[in-house]
Amino acid sequence: MNIEDQEKQPSSPPSHHRYQRHQNLYKRWVALAHKTLAKPRAYIILLILSFVVGYISHSQPLISQSAKDLIEHNSFSTRCGDPVPSSNIRQTIIDRVFSGTSPWKGFPPSHATSLLLKEWTKGWGSNAAVFEHLIRQVQPKTIIEVGTFLGASATHMASLTQKMGLDTQILCIDDFRGWPGYYDEEKSLKMVNGDSLLLYQFMQNVVNANATESIMFLPFSTGTALGGLCEWGVYGDLVEVDAAHDFHSAWTDINNAYKVLRPGGVLFGHDYAWVGVREAVHLFARLNGFRVRIDGEHWIFY
Ligand SMILES: C[S@@+](CC[C@H](N)C(=O)[O-])C[C@H]1O[C@@H](n2cnc3c(N)ncnc32)[C@H](O)[C@@H]1O
C-alpha cells in the first residue's frame, strides 16, 4: 500500500466492525479460560497467587503502623499554658489542687498527731552542694521538685532560699507512696490500714523546718502533676527530677519536667549513677542539644 492509499484509509473502522471484533475477542477469552480452568494446575496457581497478594496487602500496613506508633509513643507535646506570674503560683496550686483552702491550715489533724514522728527526715544526697550552687546561680522564684519523699531536699532548698533572702516557692511533686518494698526498710513507720502516712510525715517535716510558707505540694503521680502544671501555665526556674530511676520513668519525667521549665531556667536531677537515669539523661541531651554537667551525684543540663 502506498502513501496515498494509506491516506485514503479511514482512521478507525466503522462501529459495526469494532463490535464484531470485540465479540470475537471475548469468545476467544472465554474459550481460553474454559481450557485453562479445566486443568487442576490452574487452581493451584490461583491459590498461590491469592496467598501472595493477601500476605503483601496485610503485612504492609502493619509495618508502617508500628513505625507510626513508635514515633507517637516517643514524642511529648511541648506547648503549655500561658505563664502564671510567679507571685500567683502558690495561690494557683491552692485553688486548683486544694479547692481554695491551704493544706497547711489546721495541720496536723488530731487523729494523725500521735502517729507522726517528731524526727524522721531520711533522704539521699538531699543536702548536696548542687542545691546551693544552682540556687545562687539561678536565684529562682519557683522551684519544682519531682520526687520529694519526706521533704529532706525540699526543706534544705527552703532553708537556702531563706538564708539568701529569696522569695521562692518550692512545689513538691510526689504521690507519697514511696515504692514497693520500701515499707520493709522503714521499720519506724506506723502503717495505718495499708497507709504509711508518708504524706502526713512529709507535711510534719515541713512544719518542723518552719517552711510551710515556701513549700506547696501536688500529691499525685509525676505525669499527672506535671501535666497539670503544664496546662495551668505554672513554670519553674529550677526543676529537679528525683522520682523513680528506671529508664522509662526517668525518660518520661525528664520530658514532662522540661515542658514546665521557664526559658533560661535549669533542669537537673539526682542519681546520675543509676543506669536508667544516665541513659535517659544522655538521650534527652542528644535530642535537645544540651550538654550534661555532673555535680556530685546530680546531673545538670546546660
Ligand atoms: C528518691 S525519693 C526522693 C528523695 C528526695 N528528693 C530527697 O532528696 O529527699 C523518690 C520519690 O519519688 C516518688 N515517686 C516515684 N515515682 C513516682 C511517680 N511516678 N509519681 C509520683 N511520685 C513518685 C516516691 O514516692 C519517692 O518519694
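**Contacts, core and helix packing in the predicted model**

Among contacts in the protein between residues at least 6 apart in sequence, 79% join residues at least 24 apart, two residues being in contact if their C-beta atoms, placed from the backbone, lie within 7 Å. The structure is a predicted model, in which local features need pLDDT of at least 70 and side-chain atom pairs count only at pLDDT 80 or more, whereas totals for chains, interfaces and linings use all residues. Residues are numbered from 1 along each chain as its sequence is written. The protein contains twelve helices and seven strands, taken as DSSP runs numbered from the N terminus (H or I over at least four residues for helices, E over at least two for strands). Of its 302 residues, 27% count as buried; a residue is buried if 20 or more other C-beta atoms lie within 10 Å of its own, exposed if 12 or fewer, and partly exposed in between.

The largest nonpolar core holds 53 residues, of which L171, I215 and V260 touch the most other members; such a core is a set of buried Ala, Val, Leu, Ile, Met, Phe, Trp, Tyr and Cys residues joined through C-beta atoms within 7 Å. Helix α10 (residues 222-232) supplies the largest share of this core, five residues. Neighbours within four places in sequence left aside, I215 is in contact with A154, A158, I170, C172 and V206. V239 counts as buried because 31 other C-beta atoms lie within 10 Å, and its C-alpha atom is 6.9 Å from that of A257, 18 residues away in sequence.

In helix α6 (residues 129-138), the buried residues are V130, F131, L134 and I135. They cover an arc of only 125 degrees around the axis and therefore lie on the same side of α6, the arc being that of the directions from the helix axis to the C-beta atoms. The face turned away from this buried side carries the exposed residues A129, R136 and Q137, while the cover over the buried residues includes α7, β4 (236-241), β5, β6 and β7. Just after α6, Q139 takes a positive phi of about 50 degrees. Within helix α7 (residues 152-163) lies T161, which is buried, with 21 other C-beta atoms within 10 Å; leaving aside neighbours within four places in sequence, T161 is in contact with I135, L166, T168 and S214.

V277, A280 and V281 are buried in α12, and they cover an arc of only 100 degrees around the axis, which puts them on the same side of the helix. These buried residues pack against α11 (247-259), β5 (261-269), β6 (292-295) and β7 (298-301), whereas V275, R286 and L287 are exposed on the other side of α12.

Around the ligand there are 18 residues, of which G123, G147, F149, A152 and S153 come nearest, a residue being counted as near if its C-beta atom, placed from the backbone, lies within 6 Å. By class, this shell has six nonpolar, eight polar and four charged residues, where Ala, Val, Leu, Ile, Met, Phe, Trp, Tyr, Cys and Pro count as nonpolar, Asp, Glu, Lys and Arg as charged, and the others, Gly among them, as polar.
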